[in-house]
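Open your viewer and get ready to click along. Each stop tells you what to select and what you will find there.

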Amino acid sequence: MSDEDVNYVHLDTVLCSGVDTDVTCRQLLWMGSLSMRRILNIIGGLSLTIAVGFGIAFIAINFMLGCESWDERYWTEYNSCLTLPQLWEGLTR
């Protein structure tokens, strides 16, 4: 019996004591770990989707503003850029 089996048996006795169903405690613990993994995958996927969405929006806004250079000296009435500090300032005020 490996160390992992010993820990798992311990979890069986602690977490599943008193479970009275046809499903074994091992199966209950396995189902719980799958659902937690799925929840973490969903949260990670949503976070990545939001980050990519903000990136695309940032690029689209700068494209519409005619952003050609990040140097403010070259900005005109028709060519300017939205910088991350300006975006952060607009969101926090």
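What volume does the largest pocket have? It comes to about 170 Å³. Keep in mind that you are looking at a predicted model.

**Stop 1: the pocket**

Select Phe54, Gly55, Ala57, Phe58, Ile61, Leu84, Leu87, Trp88 and Leu91, and you have the lining of the largest pocket on screen. Two elements each give two or more residues to this lining: helix 2 and helix 3, which spans 84–92. Color helix 2 for a moment, as the largest share of the lining, 5 residues, comes from there.

**Stop 2: the whole chain**

Now zoom out and switch to a cartoon view. The protein chain has 3 helices and 0 strands, so you can follow the pattern α-α-α as you read along the sequence. Next, show the surface. The accessible surface of the chain is about 8100 Å², and 65% of that belongs to carbon and sulfur atoms. Of the 93 residues, 11% count as buried. Among contacts with a separation of 6 or more, 9% are between residues 24 or more positions apart.

**Stop 3: a nonpolar patch**

Keep the surface on and select Met36, Ile39, Leu40 and Ile43. Together they form a nonpolar patch with about 390 Å² of accessible area. Pick out Leu40, which lies in helix 2 (residues 25–64). Is Leu40 buried or exposed? Leu40 counts as exposed because its relative accessibility is 54%, and the cut-off for exposed is over 50%.

**Stop 4: the salt bridges**

How many salt bridges are there to find? The count comes to 2. Side chains of opposite charge can pair when their charged atoms come close.

- Select Arg73 and Asp71: they form a salt bridge, with the closest N and O atoms 2.6 Å apart. Arg73 is exposed, with a relative accessible area of 68%, while Asp71 counts as partly exposed at 25% relative accessibility.
- Select Glu89 and Arg93: in this salt bridge the closest N and O atoms are 3.5 Å apart. Glu89 is partly exposed at 42% relative accessibility, and Arg93 is exposed at 76%.

**Last look**

Notes: Residues are numbered from 1 along each chain as its sequence is written. This is a predicted model: local features need pLDDT of at least 70, side-chain atom pairs count only at pLDDT 80 or more; totals for chains, interfaces and linings use all residues. Side-chain values use heavy atoms; hydrogens and water are left out. Helices (H or I, at least four residues) and strands (E, at least two) are DSSP runs, numbered from the N terminus. Buried means under 20% relative accessible area, exposed over 50%, partly exposed in between (1.4 Å probe, protein chains only). Contact means heavy atoms within 4.5 Å. Accessible areas come from the Shrake-Rupley method with a 1.4 Å probe; for residues, only the protein chains shown count as cover. Patches are made of residues with over 30% relative accessible area and no salt bridge: like charges are joined within 9 Å, nonpolar side chains (Val, Leu, Ile, Met, Phe, Trp, Tyr) within 5 Å. A salt bridge is a side-chain nitrogen of Lys or Arg within 4 Å of a carboxyl oxygen of Asp or Glu. On a 1 Å grid over the protein atoms alone, a cavity is a set of points where a 1.4 Å probe fits but cannot get out, and a pocket is an open set with protein on both sides within 12 Å along at least five of seven lines; lining residues have an atom within 4 Å of a point. Grid points are joined across faces, edges and corners, and a volume is the space filled by probe spheres set on the points.
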